[in-house]
Amino acid sequence: MAGFKVVVVPSNSEGMVDLAALQRAASKATAGLMITNPNTLGIFERDIVKIASIIHEAGGLLYYDGANFNPILGKVRPGDMGFDIVHLNLHKTFATPHGGGGPGAGPVGVTRSLERFLPVPMVGYDGEKYFLDYDIPDSVGKVRSYFGSVGILVRAYAYIMSLGIDGLEAAGETAVLNTNYILSRVMKEKIFELPYSGRRKHEFVLSTRKLTDRTGVRALDMAKRMLDSGVHAPTIYFPLTVDEAMMIEAPDTENLYDLDEFVNALVSVAREAEKDPAIVKGAPHQTTVGRIDEVKASHPRTLKLKWDSPKPKQDKRV
């Protein structure tokens, strides 16, 4: 942390950065602000230029968490929004595996003024040929193996080249359309809450709080029960600003049948929770593996991740 500490800036009623709170938090001691746009609620930070100005006037840097580029493909560039550093997750937008199911990959881009600090080696060009340049005096040094997950980078590059500019823009528009289709269908059922009033782009976050208070069925239980319908459950309990959160983001690859199947499964489980909460709390029932003890499963003393070869029997003869 280099002597710095994290300061949390709250959201306003629309689910965007509270500019007044950000202004109060920013000072000459500010190193930078890390933010996604659209943010984790799926809402585009329309005041992003003002946010950049506040951070830059304090002497800090604006860092773009490129968790999902779907909503901005062909629409806006992070550099134009005022970002100084961008890390780009390839796993959602560019058809590569997620890190946990990986290997994953995430290129990092910076403005010209920060280029001299990048890790070595950098790719240089002397007018005739390319070479690996280690002569970067202000570089932070070598931080990891240079090539990284080459196969993942090539896969993303091939995907980008196959779609082209128009194809990528269409993919982004379709992802936003799919997400808003699901949102419109779900909200018509009047079962879940949609915290904050801002318009959603590529994802939205529901709250099951009212349903949980009535039935005792939590977001975790609903996600497990959805598995019995053969549907991949949404992310739960993230972001932490939403109580009993269920994050839903529809990619561009799903057709109308798949979207309806997902909504039907979600709504069906919610209605089942009202009638028979016990069956939802005990889910999943149709999967190969049932409900596991997640606390125990994640405890370091429980996990056994290495092979212990049998110890040879000792010869007790004298």
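**View A. Histidine 202 in a loop of the predicted model.** Histidine 202 is placed in the loop that runs between helix 5 (150-188) and strand 7 (204-207), and it counts as buried because its relative accessibility is 3%, where the cut-off for buried is under 20%. Apart from neighbours within four places in sequence, histidine 202 is in contact with Pro38, Asn39, Gly42, Asn68, Pro71, Val176, Thr179, Ile248, Glu249 and Ala250.

**View B. Tyrosine 196, a residue with positive phi.** Tyrosine 196 is found in the loop between helix 5 and strand 7, and although it is not a glycine, its phi is positive, at about 70°. With a relative accessible area of 26%, tyrosine 196 is partly exposed.

**View C. Lysine 224 and its contacts.** Lysine 224 belongs to helix 7 (residues 219-226) and has a relative accessibility of 19%, so it counts as buried, the limit being under 20%. When neighbours within four places in sequence are left aside, its contacts are Ala283, Pro284, Arg291 and Glu294. Among these residues, Ala283 and Pro284 are joined to each other by a cis peptide bond with omega of about 5°, and proline 284 lies in the loop between helix 9 (277-281) and helix 10 (294-297).

**View D. The cis peptide bond from phenylalanine 238 to proline 239.** Omega is near 0° for this bond, and proline 239 is located in the loop between strand 8 (235-236) and strand 9 (245-248).

**View E. Alanine 95, a non-glycine residue with positive phi.** Alanine 95, whose phi is about 65°, sits in the loop between helix 4 (90-93) and strand 4 (108-110), and at 30% relative accessibility it counts as partly exposed.

Key:
Residues are numbered from 1 along each chain as its sequence is written. This is a predicted model: local features need pLDDT of at least 70, side-chain atom pairs count only at pLDDT 80 or more; totals for chains, interfaces and linings use all residues. Side-chain values use heavy atoms; hydrogens and water are left out. Helices (H or I, at least four residues) and strands (E, at least two) are DSSP runs, numbered from the N terminus. Buried means under 20% relative accessible area, exposed over 50%, partly exposed in between (1.4 Å probe, protein chains only). Contact means heavy atoms within 4.5 Å.
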